[in-house]
Amino acid sequence: MADLVFGGCNLASATPGYAEAPAGAPARRREVVVNGRRVKTVDVHAHCGVPAAMALMGLKPAPSLLMSQPADRLRAMNEQGIDVEALSINPYWYGADRDVARELIRLQNEALAEACAANPERFVAFASVALQHPDLAAEQLEEGVKKYGLRGAGLGGSVAGLELSDPKFHPFWAKAEQLGVLVFIHPQGTAELEKTTRLAGNGVLTNTIGNPLETTIALSHLIFEGTLDRFPGLKICAAHGGGYLPSYAARSDAIMTTFPERCVHTLKKKPTEYLRQLYVDSIVFTGEALRHLAAETGPSQILMGTDYPYPWTRTSVDHILTAPGFTDDDRVAMLGGTAAKLLGIRA
Ligand SMILES: [Zn+2]
């Protein structure tokens, strides 16, 4: 923890809008300030892994995912101006039988709780749950929140070939709604396409477009199958700006009038209106993309994400500080204000 230096009020601010450590300084903690207001920044999209749990599936986490010695992670957070990471684990256990899944999730949620307890000012975590066993997943979420102090649940974008809107998962959604906790949905790619050559070749298309595509499919089903009508209190945050859905949102409304006879499920609202109750992370790379995302979801629905340790971006804070068209209040909300409320982080 020796590298953790709290910035004082004498730090020079080279760029309007925030104070930053001088170049060349050791890993000093960047303090983000908006119009004179210190903002507690929260990263809702930060990965980690638990070796003992992965071993049950014959897997090993990459070293950068480990929480046993978080110095590199804390250094990156300090440099980037991230005060709090909300840790999550990408599901790899959806094929596990009930006994393995129970043990794996227990190990994992205990380890997440320990990682948070070791640095309570810097980490909170989403519980992992074995959603392939929905009743068990509901128990695991409740235990994760009440026993381990976890702040919500992390899910994949589908579960062993089933959509998140499948009625099988209603018990889990009911529990998440009842507890009022945030559910973070992170895609796992589109396994069905990976069996073909459609995403082969250059460009890692399985990830580049496969990941946001899966999120788009998952959210579309949650909307069109009526899951969000059935559980209107759900708080869901989708990774990577909600995939492609906000980029072409109006098409989801247009289908209702173009082919009404094929939209057999009556929804309570227009499809695009559900976008304004979902949360999405801010990983969309350009100011214009963030502006458009906010136009579709409302700035109140955008939560900062980094995708740590994967180096998609190291400038999530500046992205939000410099994107066009936002008020100071919008920026404070996106940087961490909204996430802090949703995740029970003290301001
Ligand atoms: Zn990610």
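His45 and Asp307 are both buried, a term used for residues with under 20% relative accessible area, against over 50% for exposed and in between for partly exposed (1.4 Å probe, protein chains only). The model is a predicted one, in which local features need pLDDT of at least 70 and side-chain atom pairs count only at pLDDT 80 or more, while totals for chains, interfaces and linings use all residues. Residues are numbered from 1 along each chain as its sequence is written, and side-chain values use heavy atoms, with hydrogens and water left out.

Both of these residues belong to a metal site. The zinc ion is coordinated by His45 (NE2), His47 (NE2), His186 (NE2) and Asp307 (OD) at 2.0 to 2.1 Å; donors are N, O and S atoms within 2.8 Å of the metal (3.2 Å for Na, K and Ca), and sites may look incomplete because water is not among the atoms. The angles subtended by the four donor atoms run from 87 to 169 degrees, which makes the arrangement irregular. Along the sequence, the donor residues follow the spacing H-x1-H-x138-H-x120-D. Distant parts of the chain are linked in this way: His45 sits in strand E3 (residues 42-47), and Asp307, 262 residues apart from it, in the loop between strand E13 (302-303) and helix H13 (316-322). Helices (H or I, at least four residues) and strands (E, at least two) are DSSP runs, numbered from the N terminus.

Strand E13 also takes part in an open sheet of six strands, ordered E6-E7-E10-E11-E12-E13 with parallel pairing; two strands pair if DSSP finds at least two bridges between them. Strands E6 (127-128) and E13 stand at the edges with a single partner strand each, so one side of each has no neighbour in the sheet. Two bridges join E6 to the parallel strand E7 (residues 152-156), where Ala153 stands opposite Ala127.

Turning to helix H14 (residues 328-343), its 16 residues should span 22 Å at 1.5 Å a residue, and this agrees with the 22 Å between its end C-alpha atoms. The expected span is 1.5 Å times one less than the number of residues. Of the 16 residues of H14, 12 are buried, so the helix is largely enclosed by the rest of the structure. Gly344, with a positive phi near 65 degrees, follows H14.

Key:
Four donors count as tetrahedral if all angles lie between 85 and 135 degrees; four count as square planar and six as octahedral if opposite donors are over 155 degrees apart and all others between 65 and 115; anything else is irregular.
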